[in-house]
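Hi,

Here is the structure I promised to pass on to you. Have a look at it first, and then read my notes below.

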Amino acid sequence: MIDLNEFVDIFTHSHIEIEDVYWDIVKPKSFDLKYKTSTYAFVFPVRGEANFVVNGKSFLLNNNTVINIGPNEYLDKYVLGQNEWEYYVIHYSVYKSTEDEKNIMEALFQFNGEDNPKILEMLRRIHNISKNPGGIPSLQVKALFYDIIYEVFISHRNRKNKGSEDMIEETINYISDNYREEITLEFLSNRYGLKTDKFSYLFYKYIGMRPINYLISYRMNRAEEMIIQGGYSINKIAESVGYSDPYYFSRVFKKYKGFPPSSLKENFKNNPLEF
């Protein structure tokens, strides 16, 4: 999978020329088969839905998606549903790029974001300006192209981050409901099909601590509440927060709280409301 940052890096230092800006409205249930692309192209759906099949790989395109296609790709296009499909295409060329960078640029890349009126307005402007000859309009087209791509990149990144936030929130809820059970980093990451280091990084990014550290901290907080409440043995408290070995539990508690659970229990033995 192509990394967005790699894609963005190429745009920051490569020489890019806009070849043309195309706009069209296609009737429902229309199709176009075996079209061969000649340049790089960003496809911006405006309304309706279409299915693109590029070299056997299928993409559903609507107003929340943008696709980048490389040159010399074979494309089948099917308009879906009962509505017209309106779209813009910006054809561009890339110069002074390495072979690795060309491989990245020629790879299919689908950007997902939210419906963005700002992008639509800029697409209308770039299409109108591109019809005019001369250096100034060409400069305006290039400036608008970078503005559009910037908005696409930011929208895609924000949507990915929102997905990560939802995943972390779900994980926190899962821990609060199941902290008594055996929970490992592998188990948590596998719930979302992620590698442990990637999942741990995302969790740390939003919470400020690693997943297992959060789990232990949560358990120790619950244990402290039970000690303060009173009426429970250390063995029972350890078992209630997921530890079968009370001695190991006591060591972990002291590490996280700064004092052993027996000390806290003794302090609350006679007066549970004061410490």
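This is a predicted model: local features need pLDDT of at least 70, side-chain atom pairs count only at pLDDT 80 or more; totals for chains, interfaces and linings use all residues.

Residues are numbered from 1 along each chain as its sequence is written, and side-chain values use heavy atoms, with hydrogens and water left out.

Let's start with the helices. Helices (H or I, at least four residues) and strands (E, at least two) are DSSP runs, numbered from the N terminus. Helix H7 (residues 211-229) packs with helix H9 (residues 246-257) at an angle of about 100°, and their axes are 10 Å apart. That makes H7 roughly perpendicular to H9 (the word covers angles of 65 to 115 degrees). Axes are lines fitted to C-alpha atoms, for helices over the stretch in contact, and angles run from 0 to 180 degrees between N-to-C directions.

Now the salt bridges, each a side-chain nitrogen of Lys or Arg within 4 Å of a carboxyl oxygen of Asp or Glu. The whole structure has six salt bridges. In one of them, the side chains of Arg 47 and Glu 84 meet at 3.2 Å, N to O. Arg 47 lies in strand E3 (residues 40-47) and Glu 84 in the loop between E7 and strand E8 (85-95), so the pair ties together parts 37 residues apart in sequence.

Definitions and conventions:
Angles under 35 degrees count as roughly parallel, over 145 as roughly antiparallel, 65 to 115 as roughly perpendicular and the rest as oblique.
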